[in-house]
Amino acid sequence: MPDLEQATNGTKEQSRTEGRWFMRFTRAQRTLHAVLFTTFLGLAATGLPMRFSQSAWARRFASGVGGFGTIIFFHKLFAVVLTIAFLIHVKDLFTRALVHREKGIFWGATSMVANWKDVKDLVGHLRWMVGLGPKPQFERYAYWEKFDYWAVFWGMIVIGFSGYAMWFAPFFARFLPGWALNAVLVIHSEEGLLAILFIFSIHFVNTHLRPDSFPMDMVIFTGVESEEEFKHKRTEEYERVASQGKLETRLAAPPQQWQVNFARVIGFTAILIGLVLLVLTLTAYFGY
Ligand code: HEM
């Protein structure tokens, strides 16, 4: 048995360093994602006890960390960090589009903006799932990745605006009617819950638990993927880059063992916290 284990580990180790590896996410993109998911987990872990302050677990959590005042303090702290990261991302998009005149940000194969191919891929994917057609071949971003991106983007605007309106209510009261200030609490609370449910169920399943990626897709942590993965998961992108003769420009070193281990620890911790929060949300919501 140990021999078999050793042999399997040996093969895994070999396949990790063997063959060609390609860059998918830059260091800046990985850092943005890291800030996004840590602050989001923090906002969810502090927002939920406020939302379900009548639950036993919320009260126990609050008394463990020094009361609801502490929870609100950390909620605002995570909110400020997330807002800064979001503003840097938006500034970066406009700089690339308007200053560097980079093509393809708002339209085309590498853009996050949905196009006709995404609609066809969605229909084709559903047909494939029930055995009615071939599996669609994806470009740089699949339709569900674009959906996740825009869900977070618009969610940030709605949750952020309503959050700041509650935080600085006397200032917003100068130009918003009274009912709107009541509405922002409902909007923030419901949109927050929706975001938590979406990220901790659909996003986790889509990204990490699909048969293609199970048990976890490491690329957002390590930044690189093997040629095999690249060809298999994003066939159209691979073929496009190859036909442009640009594959070599994307070559990268394979991930170091410590990077893979670190990614596993961080990734599984995030998924575990997310799942605990998801269960707490559902139990509190349905009043168990
Ligand atoms: C820029 C981002 C955000 C800001 C400025 C913000 C601000 C706030 C403020 C000021 C409160 C009220 C605290 C109080 O009672 O004094 C609050 C509550 C809350 N926030 Fe946020 N927040 C932000 C993002 C988020 C996110 C991303 C989530 C979800 C993951 C979230 C979930 C909640 C929840 C569930 C509540 C409790 C609402 C209730 O009592 O029903 N917030 N937030």
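First, a caveat. The model is predicted.

Start with the iron. What are the protein donors of the iron atom of the ligand? They are His75 and His188, each through NE2. Both lie 2.0 Å from the iron atom. His75 sits in helix H4 and His188 in helix H8, so this pair ties together parts 113 residues apart in sequence. The iron site has 6 donor atoms. Angles among them run from 86 to 178°, and the site is octahedral.

Now the rest of the ligand. How many residues surround it? The count is 21. Arg51, His75, Ile159, His188 and Ser189 are the closest. By class, the shell holds 12 nonpolar residues, 8 polar and 1 charged.

Which helices supply at least two residues each to that shell? H2, spanning 27-51, does.

Next, polar atoms. The side chain of His75 places an N or O atom 2.8 Å from a ligand nitrogen. For His188, a polar side-chain atom is 2.7 Å from a nitrogen of the ligand. Ser189 has a polar side-chain atom 2.8 Å from a ligand oxygen.

Last, helix H8 itself. H8 runs for 32 residues. From first C-alpha to last, H8 reaches 45 Å, close to the expected 46 Å. Where is H8 kinked? The kink is centred on His203, at about 35°.

Note on methods:
Residues are numbered from 1 along each chain as its sequence is written. This is a predicted model: local features need pLDDT of at least 70, side-chain atom pairs count only at pLDDT 80 or more; totals for chains, interfaces and linings use all residues. Side-chain values use heavy atoms; hydrogens and water are left out. A residue is near a molecule or strand if one of its heavy atoms lies within 4 Å of it. A polar contact is a pair of N or O atoms within 3.5 Å; within protein, one must be able to donate a hydrogen and the other to accept it, and residues adjacent in sequence count only if both atoms are side-chain atoms. Helices (H or I, at least four residues) and strands (E, at least two) are DSSP runs, numbered from the N terminus. Ala, Val, Leu, Ile, Met, Phe, Trp, Tyr, Cys and Pro count as nonpolar, Asp, Glu, Lys and Arg as charged, and the others, Gly among them, as polar. The expected span of a helix is 1.5 Å times one less than its number of residues. The bend at a residue is the angle between axes fitted to the seven residues ending there and the seven starting there. Donors are N, O and S atoms within 2.8 Å of the metal (3.2 Å for Na, K and Ca); water is not among the atoms, so sites may look incomplete. Four donors count as tetrahedral if all angles lie between 85 and 135 degrees; four count as square planar and six as octahedral if opposite donors are over 155 degrees apart and all others between 65 and 115; anything else is irregular.
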